[in-house]
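Me: I'm new to reading protein models. Can we go through the charged side chains in this one together?

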2 protein chains.
Amino acid sequence: MKISKKAYYGLRAVIALGRLSEPASIRSIAETEHLPEDYLEKILQALRRVGIVEAKKGADGGYSLARPAREISVWDILKELDSPLRSFSTPIKGTLPCLQPGHCQTNEVWRILEKEIEKTLSSISIDDLLPKDARQKHAF
Amino acid sequence: MKISKKAYYGLRAVIALGRLSEPASIRSIAETEHLPEDYLEKILQALRRVGIVEAKKGADGGYSLARPAREISVWDILKELDSPLRSFSTPIKGTLPCLQPGHCQTNEVWRILEKEIEKTLSSISIDDLLPKDARQKHAF
DNA sequence: TCAAATCAGACAAAAAAAGTCTGATTTCTA
DNA sequence: TAGAAATCAGACTTTTTTTGTCTGATTTGA
C-alpha cells in the first residue's frame, strides 16, 4: 500500500511549478529537484493530459500549472500517477458476486478505505504545500 | 497505493478462521477460500509470529485465531502483510532534512495519510466482517 | 510407527515500477 | 529561414517487488 516514486516525483514537480510564475523546462525542474529527467518527462506528460499542468512547446517553452495551486489537490495528482487501490481479481462478470466467502467483505473494506483516502488527500491543495508564512491555515 | 494479494489473502483467511471454533488446516482453508496453499502457509506463519493467529502442530492440528475476532482489526493484519506507506528515500541520516525542496512537504502528506488509514482500518474488526444478523453495528 | 500437520528457508516465475533511448514535431530567435 | 531548445510519442530495458513453488525438517496424535 505504498506510494510510488512516480507519484512522489509528480507531486514534487507540481509543488515546484507552484512556486514559479513562468513556465519551467523539464530539465530545469529535474535539476533543481534532483529527479530523473526522462522519467519526469513522462510524468509531466501524464499530468498534462488530465489538465493539471500545461505545456508550451518550442524554445523558451516549458510546463506550468494549468490552474491555480489552490484548485489542485494532492488527490488529483495521486489518482493519476499511482495505481488504483483495487487490484485483486473481482468476480467474473455475469456470475453472482461473493461466491467466495470473504470476498465481498474485503471489497467493502477497500471501498471504505478508498473513500477515506480520497477525502483526506482532496482536502490538501498544492497551495497548502507552498512555503509561506506560518499563520496560513495549512502550514507544512 | 494498491493493496497486495498477500494482504487480501490474509484478511480472507482470518475471516475464514473467525467463522470457525476449531483449528483449521492450511489445506482446508486454501480449498474453501480458493487460495494458493503454499503461499497461504507463509501468510499464516507471518500472522502467527505477530500473535494474530496460533498454530497447533501435528496431526489434527491447524490454525485458529489467537484472540477474539472483536479484538483483531483489519489494520492489525494489513500493517503486517502489506508494505508500509513510506517507501521512497528519506533524507540521509545526519544531514539536514528537507534540503530537496518539496521533500518534507510530501513527507508530511504521507504522514497525514498514514494516520488516516490506520484510524480507518483500526475501526473495523474481524468480528464486523463475519456474517450475522443485520441489526449489528457494522453489517457488511 | 505412520500420517498429517506446521516450520523454515531457499528458490523461481511473473508482474509492476522505474528508468532510458530514439526520433519526430513545434516554436522562438538570431 | 536555419538552428537551437523545448515538448511529444512510444518502444525498449532494467530493476525491484510480488507472487508462488519446492524441499526437507519437526512435531504430534492415533
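Me: Is B:Glu37 buried or exposed, or partly exposed?
Reply: Buried means under 20% relative accessible area, exposed over 50%, and partly exposed is in between (1.4 Å probe, protein chains only). B:Glu37 comes out at 31% relative accessibility, so the label is partly exposed.

Me: Where does this come from, and how are residues numbered?
Reply: It's a predicted model, where local features need pLDDT of at least 70 and side-chain atom pairs count only at pLDDT 80 or more, while totals for chains, interfaces and linings use all residues. Side-chain values use heavy atoms, without hydrogens and water, chains are lettered from A and ligands numbered from 1 in the order written, and residues are numbered along each chain's sequence from 1.

Me: Which residue forms a salt bridge with B:Glu37?
Reply: A salt bridge needs a side-chain nitrogen of Lys or Arg within 4 Å of a carboxyl oxygen of Asp or Glu. Here the closest N and O atoms are 3.4 Å apart, and the partner is B:Arg27.

Me: What is the relative accessible area of A:Lys119?
Reply: A:Lys119 meets A:Glu116 in a salt bridge of 3.8 Å, N to O. A:Glu116 is buried at 19%, whereas A:Lys119 is exposed, with a relative accessible area of 57%.
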